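Q: Could you take a close look at the salt bridges here, and at how well their partners are covered?

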Amino acid sequence: MRNRSKKATLDRDENLWGWFFLLPSVAGFLIFYVFPLLFSLFLSFCQWDFASGFSTIKLVGAENYKNLLSDVWFTDSFKNSVIFTFVAVIVGTALALILAEIINKQVYFKNAFKTVMFLPYISSAVAVAIVWMVMLQPSFGPVNGFLQSIGIQNPPKWLGDLKWALPTVTMIYIWQQLGYKIIVFAAGLSGIPKDLYEAAEIDGANVVQKFFNVTVPMISPTTFFLVTMGIISSFKVFDQINVMTQGGPGTATTVLAYYIYRAAFQFYQMGAACSSAWVMFILIFVVTIVQWHGQKKWVSYE
């Protein structure tokens, strides 16, 4: 009996010490993740100018969500986010796969080349944005200077043009993310058995047929990972927009993340900011769930 009682006491003490060591992590998770999440959900049903203090919080129900539908800035930012994400993910992933395949089979000094391609991804987004702003300056930038030198008299205004601003930001974002995707694809390509390519050659397949019938199916798990993470990160894009265009000209480059920032920290409309943040969360969540279920049709893990 004494041994059993002593063992029970030791087990209880071990459990207490376990909870004691877990307490900082649990407390941090509750304070910095769970509470802000629930508080933002509550604020999405409220009207609150946070500069005026907590006493001004006023419950308005679903009014914030209704107002979003009639807010031109929100509808434009929603449309821009969808277009930006669609183009950035599709073009960026396809281009990265093609370049990874070329580097894997046709390029000498592969590691050095991949390192150079990876540098923009690990560079500061603000620094990269500033460099591109200088290069794309309409009057004195080197890009327009080159275009004029080859006979293009009226080159685009790039970031200052309503039609070109969003495509330009998208292009810069794709370029910055490209190195990371190439590295991931290169790792996936190295795991494809060479026997499959040899069998395809025996069957008379050319380079293009081997790419679409061997490489693409076998690399599909990696593609699924990059597409999923790419959609999430593209919807959250903020740094490049904030530095290069501030959402302009007009609403041409305003995306959901920047709309949330403006509503919260420029206009102090925390209700509108939180409601739009939850709309973005639901959108990303739904797209991710659809992808997760849809992967069964095109992703092969064999």
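A: A salt bridge is counted here where a side-chain nitrogen of Lys or Arg lies within 4 Å of a carboxyl oxygen of Asp or Glu. The model is a predicted one, in which local features need pLDDT of at least 70 and side-chain atom pairs count only at pLDDT 80 or more, while totals for chains, interfaces and linings use all residues. Residues are numbered from 1 along each chain as its sequence is written, and side-chain values use heavy atoms, with hydrogens and water left out.

On these terms the structure holds 2 salt bridges. In one, the side chains of Lys105 and Glu101 meet at 2.9 Å, N to O; both residues lie in helix 3 (residues 72-106), 4 residues apart, which is about one turn of the helix. Helices are DSSP runs (H or I, at least four residues), numbered from the N terminus.

The cover of each partner is judged by relative accessible area, where buried means under 20%, exposed over 50%, and partly exposed in between (1.4 Å probe, protein chains only). Glu101 counts as buried because its relative accessible area is 12%, whereas Lys105, at 43%, is partly exposed.

The other salt bridge joins Glu201 and Lys210, whose closest N and O atoms are 2.9 Å apart.

Notes: Helix = DSSP H or I, 4+ residues; strand = E, 2+ residues; numbered from the N terminus.
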